[in-house]
Every structure is written in structure tokens, then in C-alpha cells.
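Got a model open and wondering where all the labels come from? Let's take a few of them apart.

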Amino acid sequence: MVRFPDGFLWGTATAAHQVEGDNWNNDWWAWEHAPDTACVDPSGDACDHYWRYPQDLDILVELGFQAYRFSIEWSRIEPEEGEWSGAQLDHYARMLDACIERGLQPVVTFHHFTTPRWAASDGGWTNPVIAERFARFCEHAVAALGDRIAMACTINEPNIVPLMGWLMGAFPPGRTQDLDGYAKATEHLIAAHRRAFDVLKAGPGDFPVGLTLSMSDWWAEPGCEAEMQQYRAHHEDVYLEACRDNDFVGVQAYSRTRVDSTGVTGPEPGVEVLAMGYEYWPSAAEAAIRHAVEVTGLPVYVTENGIGTDDDDQRIRFLQESLAGVARTIDDGLDVRGFFHWSLMDNFEWAFGYRMKFGIVGVDQTTQRRTIKQSARWLSEVVKSNMLP
Ligand code: NOJ
């Protein structure tokens, strides 16, 4: 048995576009419906979480979690530039209240991959005005919601947005090898994070603010150490360095990235490959925590970790191994304060659509019926006992 420290925060995570449904006013909805994209499904009703959140929060309580990380949708709150929806802010206020009433700490993400259509239409993240636009959105949102927030994440995985959007063509705006776009988007995402950090810290409310980063267990083939460090510096360190004065860093790591003399390379032959196309690699969280602490010295929350699989026994095995790694970092004296499972429920996995099952709760796409999986029961035991078998 491994015991987690008292007060260790257990939660699950979701993102607005992946679970709410009917988020038609952002760049992702447009992207899902554009011809020639790799998207396999439109997001559609998603999990109808926009309306069903009370029932979903009840499940979290039943399972013993203490926190819920979710995102608020910019395109709902500011549907056109400078037009603010009081009704949508009220919706999120009700959602925050529903968490608080149930004893769940609401952890709010202000941007999780989706950008309003109006803001994406004139360059999106490559346009320098975006940082100011995002800060203004945060200002309006925090004015309405700040008193209820327990913890805030400014931008989710800002490193994935330019990578997928300007180099790989898998996210809007679907550019490939656009190095100039990649560099500009990176610069403006970092600027937006810094502006948002200041805005959120000004209140109302007094809560920790940080960034959540997509990280990896970086692995260099013999002789390729320097090259690996260069890749990691671009993908992780520039962001980690930009958040050194934040309250925490959110670590999200799902697999390993190998670098050989040809650059970033695929899975190693013989290692199990998941449907997502990357290796089954449960030590990713541990490695990422260690690197995040090394670069920032900040307290860490694992703001996402999990596995996309139809095999729920494999999920339990993955979580068991992954959490053992998290526990090792704590044993070594690292300040790791919580773990948020990705995800509460099966949801819209971006270009992969609904095929990927990351949830500990299953969702029937037709009936919206929720099913609590065995892995949810297993994780619930860990959460309630604060111990890992
Ligand atoms: C990271 C992202 O934040 C989330 O949106 C995604 O669904 C998970 N990883 C799983 O790929």
C-alpha cells in the first residue's frame, strides 16, 4: 500500500467542447464540418453535459472525488467581439455553485483548445491582438465567477495548439509545416497566458493560477541526448520557463517521445501501441513531474492523466502503474498536490472523435445514458482511502 499525503486533491477533468454539446460558435465546430479534415466525427451533442452537469457532478461525489476540472467556453460567453452573454456567465456560475454545494472544488480552465469563430477569423493565435482579446475575456469571466473558483488554469496545453494547428494540420486552422505561423502562435499563446495570469490574480477571488502543459517522457537514443533536449526545450521548456512565477504547474503526460538521429520517431518495436498511436507508457506522468519541478521549482498538480482504451482492465493497470510513479515523486520530496483523471467520461476526442474512450464513466452516444465503469470503482477506492493498492 502506498499512502498519499493528507489533503492530496483527487479530481477528474473535462473540457467544454468535448462534453457540453452544441458548441457551434468556435473554430473547432467549423473544423469538424470543413471538407478534407482528418476529423472522424462532428462533436454534435457531445455528452450533453451543458444540461446534464448536475447528474455528472453527483457521480463524482458518489465516487468520492474532491475536485472537478472543467473549462468555460469563450465562444458562448463572447459570441461576437465585445458582446457579452450574461446568460452564459450565469450558466457557469450555476455550474460552479453546483460544485461547491456538493463539496467539489471547481478548477476552471479558461481556454481548452477552442477559440470563438470571430477571433479565429483574422489569424487566430497568429494575430498579436489575440493576447489582449483573451485577457479581456478572462477579465469579464473572472468578474462574474472569480468568487466561486478554487483553482484556475489559464490555457490548456498551449504547446499543442501551435503544433497541431500550424505544423501537423490536425487542429484548426489546419496548416502543415507553417513554421512562421507556429512561431507566432507560440509567442502569442505565451503572451496570452502571462496577461491572463495577471488578470486572474487581480480577482475577484483569491485562488492559485497556473498553466497546464502537454508533457512527455522524453527519451534519447544513444548519442541523441542533445537533440532530444532541443526538442524538449521547444515543446516544454519555453512554457515552463514562462510560468516560473505562477502558483503551480499543471502536468499532463500520456506517453513517451523518442528522439533518434532522424528526429522525433515513432513507437519502439515491441512496445504496446495504443489506439491513439502512441506507446502504452505509464511512467510518463512521473517523468514529466520530475522535469516540471526541475525547470520551475513550482508545486505540481497532475491536471490530466489517463488512457484511451476500450479495455477497462487495461485502464486500471495503467492507472495503478502511473499512480505508483506519482507516489515515487512524492516520496522523493517533490511537491505534488493532486491528480485529475482524464476523463470523467468518454467524450469527443478531437480529430479522433468518439472512438477513443478515456472515461471512467461510459456515455451512450444515442441515449446519453451514463455507465459507471469498473475503473471508476477502482479509482474511487484509491480516492476514498487516499492509498494505492
Ligand atoms: C489532452 C487534452 O487536454 C484533452 O483535451 C485530450 O482529450 C486528452 N489530452 C487526451 O488526449
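Here are some questions about labels, each answered with the value behind it.

This is a predicted model, where local features need pLDDT of at least 70, side-chain atom pairs count only at pLDDT 80 or more, and totals for chains, interfaces and linings use all residues. Residues are numbered from 1 along each chain as its sequence is written, and side-chain values use heavy atoms, with hydrogens and water left out.

Q: Why is Q368 called buried?
A: Buried means under 20% relative accessible area, exposed over 50%, and partly exposed in between (1.4 Å probe, protein chains only). Q368 has a relative accessible area of 6%, so the label is buried.

Q: What makes the phi of Q368 worth a label?
A: Phi of Q368 is near 65°, which is positive in a residue other than glycine.

Q: Where is Q368 found?
A: Q368 sits in the loop between strand 11 (361-363) and strand 12 (370-372). Helices (H or I, at least four residues) and strands (E, at least two) are DSSP runs, numbered from the N terminus.

Q: How do you know whether N386 is buried or exposed?
A: N386 has a relative accessible area of 11%, so it counts as buried. N386 also has a positive phi, about 60°, without being a glycine, and its place is the loop between helix 13 (374-385) and strand 13 (387-388).

Q: What is the volume of the largest pocket, and what makes it a pocket?
A: The volume is about 1500 Å³. On a 1 Å grid over the protein atoms alone, a pocket is an open set of points with protein on both sides within 12 Å along at least five of seven lines, where a cavity is a set in which a 1.4 Å probe fits but cannot get out. A volume is the space filled by probe spheres set on the points, which are joined across faces, edges and corners.

Q: Which residues of the lining are closest to the centre of the largest pocket?
A: Of the 49 residues that line the largest pocket, I160, L163, M164, M168 and H235 are closest to its centre. Lining residues have an atom within 4 Å of a point. Strand 7 (248-260) supplies the largest share, seven residues.

Q: What is the volume of the second largest pocket, and which residues lie nearest its centre?
A: Its volume is about 280 Å³, and among its 18 lining residues D27, A120, G124, P172 and P173 lie nearest the centre. P172 and P173 are also joined by a cis peptide bond, with omega about 10°.
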